[in-house]
Amino acid sequence: MSKALTLDTTLSNSSVDDRDILLLVQTVRAGIKYPLFVKIASQSPFNLSEWSVFLHLSERTIQRYKKEKKTFDPIHSEKILEVTLLYKRGTEVFGSTENFNAWLEAKNVALGGITPKSLLDTTFGISLLKDELTRIEHGVLA
């Protein structure tokens, strides 16, 4: 089976890709180590407080992961990768991180008047955002 992502793995927007599903599965099963999470998080616009909401972990728990050099559980590792892949996709669809960040923060009529970012805490929400990005990419609005 494929190796899991490591800190040595280059995590540019083009490197974490759902085309290598086995790598993603292996990474989730092994768990994401805190230093890799920091690298991923630093490439996103989300702060620790927002990540704690997405992962359903307190900020204190995440900070303890750093102190104790812990590895995220598979469920949290999977959410980290889902958010990362969605962010990559959104950047591709909108053409820049600035445009996608603005879309994430703006209330969206197609989503019932809520901000897209508020849906990043559930798998169903992430799936809904993926569908919305596909509609935007193909010009099917609302």
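Residues are called buried under 20% relative accessible area, exposed over 50%, and partly exposed in between (1.4 Å probe, protein chains only). By this scale Arg-135, at 29% relative accessibility, counts as partly exposed. The model is predicted, and local features need pLDDT of at least 70, side-chain atom pairs count only at pLDDT 80 or more, and totals for chains, interfaces and linings use all residues. Numbering runs from 1 along each chain as its sequence is written, and side-chain values use heavy atoms, with hydrogens and water left out.

Side chains of opposite charge can pair when their charged atoms come close. Here a salt bridge is a side-chain nitrogen of Lys or Arg within 4 Å of a carboxyl oxygen of Asp or Glu, and a search of the whole structure finds 6 of them. One joins Arg-135 to Glu-132, at 2.9 Å from N to O. These two residues are 3 residues apart in helix 7 (residues 123-137), a separation of about one helical turn.

Glu-92 is partly exposed, with a relative accessible area of 46%, whereas Lys-88 is buried at 9%. Glu-92 also forms a salt bridge with Arg-89, whose closest N and O atoms are 3.5 Å apart. Arg-89 sits 3 residues from Glu-92 in helix 5 and is partly exposed, at 26% relative accessibility. Together with Glu-137, the residues Lys-88, Arg-89 and Glu-92 are linked in a network of salt bridges.

Helix 5 also packs against another helix. Its axis and that of helix 3 (residues 48-55) come within 10 Å and cross at roughly 120°, where axes are lines fitted to C-alpha atoms, for helices over the stretch in contact, and angles run from 0 to 180 degrees between N-to-C directions. The contact (heavy atoms within 4.5 Å) involves Trp-51, Phe-54 and Leu-55 of helix 3, and His-76, Lys-79, Ile-80, Val-83 and Thr-84 of helix 5. These residues divide into 5 nonpolar, 2 polar and 1 charged, with Ala, Val, Leu, Ile, Met, Phe, Trp, Tyr, Cys and Pro counted as nonpolar, Asp, Glu, Lys and Arg as charged, and the others, Gly among them, as polar.

Conventions. Helix = DSSP H or I, 4+ residues; strand = E, 2+ residues; numbered from the N terminus.
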